[in-house]
Amino acid sequence: SLLLALSLLSLWGSAGGSCPPRCVCASNLLSCSQANLSTVPAPLPRFTAVLDLSHNNVTRLRADWAPARLPHLHALLLSHNGLAFVSTEAFTHVPRLRHLDLSSNRLRTLDENLFSDLGELEVLLLYNNEITTVDRTAFENLGRLRKLYLGQNRIARFPLELLREGSRLPQLALLDLSANRLRAVPAGELQALPAWLRDRLYLHNNPLACDCLLFQLLDRGRRRHLSAVEDFQDELRCFLPGTTALTKILDLAGKPPLNCSKAREAVLEAHLGDSVMLGCDSRWQGVRSRHWVTPGGERVLGDGGNGSVVLLANGSLQLRALRPEDAGTYSCWVAGPLLNETLYVELLVHNFTLHGPHDTLNTAYTTLVGCILSVVLVLIYLYLTPCRCCCCRGTEKPPAPRDDSINSSVLSTTPNHAGGIGEPCGSHVSSSAGTGQNGRFKGGGTPPLPARPGPKAQRKVSDPDSVSSVFSDTPIVV
């Protein structure tokens, strides 16, 4: 690979750029890894797409590290540099970045609007730093960010705003908060989030306080075989109240002092505009309190603001005039005399014009009517076509030879012969041989008759691609 890179150096020079000293350049890739650099080399070729500066001594990333715009740069690797400072204007000239690796450095804070210039960023690696503070606006404008790695830092507050649907990170699919200093997790709000937001949340190796809601959140992930839970069961530990000993979170079911119970789940399907009832049938007698939490994290205590959500006296939740945004996981929290219980209902809202029974009936009815109409038109076409020979009325037409029956023009709306006005019908009995209608070979046919002089005696050749041919391969369109 080194020889290949060296052979491409001439291409860099001819394209208007030069490879910086102590770097290896290959096409649009620039590798300056382990080059003992303390600053970013300059100038950088304008067409650089991947820049690897890992394993160096670049401790500060100033705003002028890229004085000129790098419109093609989509991957910047700065891991293992001892990086302690990043300017809020450091990414102004690299707006097309999709992959940014700042892992294994000495970053302590993520300042306000630090990454706001990276509107196309998809993967951000910040693990193995010394981050303790994350500004609420640090990830503003990252509408395409899918993976955020914040593991192995010193974060003590769970950044719930990163996960709420419709927040500043609408496409976030993976959030790694492992090996931090989290003592509490908003398990109730996380459980009510849509599945695609919570299924790839990594929380292992945190000093969490034991809680039944946390147990139910992780137990549900284990039943769904989520890798974030299954692969780290031994690392998912918590502190029991009044103790300093760690215990496995997934072992809390039925054990004192919490005696956590496993959550129950149900799936309900409905269509737009329907009204549904979500039951909260707890097994406990003498329930002290009960409430619901919507997929958006809102607690339902009574009638909804628009009357579409109603909490009934028996604890059930009634939803009226379903909308697409009503889909998601609804949680019913029940406080029993001995234990607390949580019931989850996954509501799937289908568009009835696509999935509902009305659409199925409508499609079947339309198909049946179309088939019947097609058959009727074909029968009319075959048997009720009027005779086009005006002179044939009252004249008995001699039967055609048996071996020429396939070329009969009675079934065709286009005449196969061009006869004169006063020509008798008997002159149309003769037939061609060899190839039949549509160019097909007709076995057993008679030899062709010699052509008679005169324009009226010329035979009109049938067009094999004619849509009026009865034996045409073109389907009848109704």
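The legends below accompany close-up views of a predicted model.

In this predicted model, local features need pLDDT of at least 70 and side-chain atom pairs count only at pLDDT 80 or more, whereas totals for chains, interfaces and linings use all residues. Residues are numbered from 1 along each chain as its sequence is written, and side-chain values use heavy atoms, with hydrogens and water left out.

**View 1. The protein chain as a whole.** The secondary structure of the protein chain comes to eight helices and 26 strands, where helices (H or I, at least four residues) and strands (E, at least two) are DSSP runs numbered from the N terminus. Of its 478 residues, 38% count as buried; buried means under 20% relative accessible area, exposed means over 50%, and partly exposed lies in between, as found with a 1.4 Å probe on protein chains only. Among the contacts with a separation of 6 or more, 62% are made by residues 24 or more positions apart, a contact being heavy atoms within 4.5 Å.

**View 2. The largest nonpolar core and a second, separate one.** A nonpolar core is a set of buried Ala, Val, Leu, Ile, Met, Phe, Trp, Tyr and Cys residues joined through side-chain atoms within 4.5 Å. The largest such core has 71 residues, of which W65, F91, F115, L126, F139 and L148 touch the most other members. The elements that give two or more residues to this core are α3 (187-191) and α5 (212-223), and the largest share, four residues, comes from α5. When residues up to four places away in sequence are not counted, L126 touches L102, S103, L107, L110, F115, I131, F139, L148, Y149, L150, G151 and N153. A second, separate core of 17 residues includes C280, L319, Y330 and C332.

**View 3. An open sheet of three strands.** The strands of this open sheet follow the order β18-β22-β21 with antiparallel pairing, and two strands are taken to pair if DSSP finds at least two bridges between them. The edge strands, each pairing on one side only, are β18 (276-278) and β21 (309-311). Neighbouring strands of the sheet are turned by 20 degrees against each other on average, direction ignored; the axes are lines fitted to C-alpha atoms, for helices over the stretch in contact, and angles run from 0 to 180 degrees between N-to-C directions. Three bridges connect β18 with strand β22 (residues 317-319) in the antiparallel sense, and M277 stands opposite Q318 in β22.

**View 4. Strand β23 and its partner β19.** Eight of the eight residues of strand β23 (residues 328-335) are buried, so this strand is largely enclosed by the rest of the structure. Strand β19 (residues 289-293) runs antiparallel to β23 and is joined to it by five bridges, with H291 standing opposite W333 in β23.

**View 5. E161 and two arginines.** E161 lies in the loop between β11 (147-149) and β12 (174-176), and at 12% relative accessibility it counts as buried. Its side chain makes a polar contact of 3.4 Å with the side chain of R136 and one of 3.1 Å with the side chain of R157. A polar contact is a pair of N or O atoms within 3.5 Å; within protein, one must be able to donate a hydrogen and the other to accept it, and residues adjacent in sequence count only if both atoms are side-chain atoms. R136, R157 and E161 are also linked in a network of salt bridges, a salt bridge being a side-chain nitrogen of Lys or Arg within 4 Å of a carboxyl oxygen of Asp or Glu.

**View 6. Three further salt bridges.** Side chains of opposite charge can pair when their charged atoms come close. The count of salt bridges in the model comes to 11. One of them joins the side chains of R96 and E120 (3.6 Å, N to O), and this pair links distant parts of the chain, 24 residues apart, with R96 in the loop between β6 (85-86) and β7 (99-101) and E120 in the loop between β8 (109-110) and β9 (123-125). R96 is partly exposed at 43% relative accessible area, and E120 is partly exposed at 24%. In helix α5, D219 and R222 meet through their side chains in a salt bridge (2.7 Å, N to O), and, being three residues apart, they are separated by about one helical turn. D219 is buried, with a relative accessible area of 2%, whereas R222 counts as partly exposed at 23%. The side chains of E325 and R323 also meet in a salt bridge (3.6 Å, N to O); E325 is exposed, with a relative accessible area of 53%, while R323 is partly exposed at 35%.
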